[in-house]
Amino acid sequence: MDISPFLQRKLARRFATFDTNRDGYIDRTDFESACDRLADAFHLAPDTPALKHMRELSDGLWQHLSRAADADADGRISLAEYQAAFAAGLLVTPASFDAGYMPFLDALMDIADEDGDGKLTRDEQVRWSGALMGLSEPDAREVFGRLDQDADGLISRDDMLQAIREFYFDEEPTSTGVWLLGPLDPA
């Protein structure tokens, strides 16, 4: 599959959110430290079931990405390897993406949605996206404002899923999902 320049920019942004230590590569420790920061942000004990589940899913995501993208088998993934994996069909269809991503989104909601109402407040959004994705507070607040399209002060699980789908599959530069991970680098 061909990757448009726009999708390349979005993938570069996503790669940057995975690369938590900013060394230019994604590796297992990036996923582990992201879960550690999420636990800290939500004051979760290491044996909390929701955190344990998130760690399992994060490790599974790392293993999946490693198999699909670590072309030179060095235990880490470069941006070029990450983008090449997408060109090779890592995200085949929105439906297959949903099947793989829904457990991760559910696990995130189990942690970040503190009152269990199926919706995130601005504070919850800022905390999880800062911890797991490294978004700055101003960027996380901007993301929240863009995803809260009905301006009720909440983002539902479905709002999140729609934004995630748009991030990966929508080529419209003004779509809500473009801002899922903060601003993209200029073209």
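Tutor: Let's start with a term: buried means under 20% relative accessible area. Keep in mind that this is a predicted model.

Student: Which residues of α6 are buried?

Tutor: Glu124, Gln125, Val126, Arg127, Trp128, Ser129, Ala131, Leu132 and Met133 are buried. That is nine of the twelve residues of α6, so the helix is largely enclosed by the rest of the structure.

Student: What makes the chain fit the rule for a compact globule?

Tutor: Its radius of gyration. With 187 residues, a compact globule would have a value near 16 Å, and the chain has 16 Å, so it agrees with the rule. Along the principal axes, the C-alpha trace spans about 45 × 40 × 30 Å. Buried residues make up 45% of the 187.

Student: Why is a space called a cavity rather than a pocket?

Tutor: In a cavity a 1.4 Å probe fits but cannot get out, whereas a pocket is an open set, so the way out decides the name. The structure holds two cavities of 30 Å³ or more. The largest has about 110 Å³ of space, and α1 (5-18), α2 (28-41), α3 (49-69) and α6 each give two or more residues to its lining. Among its lining residues are Arg14, Phe18, Phe31, Leu132 and Met133.

Student: What makes up the lining of the second largest cavity, by class?

Tutor: Ten nonpolar, no polar and one charged. Arg counts as charged, and Arg14 is in that lining, along with residues including Trp128, Met133, Ile164 and Leu181. The space there is about 80 Å³.

Student: Which element gives the most to the lining of the second largest pocket?

Tutor: α8 does, with four residues. This pocket has a volume of about 170 Å³. Of the 14 residues that line it, Leu147, Asp148, Gln149, Ser156 and Asp159 are the closest to its centre. By class, the lining has four nonpolar, four polar and six charged residues.

Note on methods:
Residues numbered from 1 in each chain as written. Predicted model: local features only at pLDDT ≥ 70, side-chain atom pairs only at ≥ 80, totals over all residues. Heavy atoms only, no water. 1 Å grid on protein atoms, 1.4 Å probe; cavity = no way out; pocket = protein on both sides within 12 Å on 5 of 7 lines; lining within 4 Å. Points joined across faces, edges and corners; volume = space filled by probe spheres on them. Buried < 20%, exposed > 50% of the residue type's maximum accessible area, 1.4 Å probe, protein only. Rg over C-alpha atoms; globule rule 2.2 N^0.38 Å.
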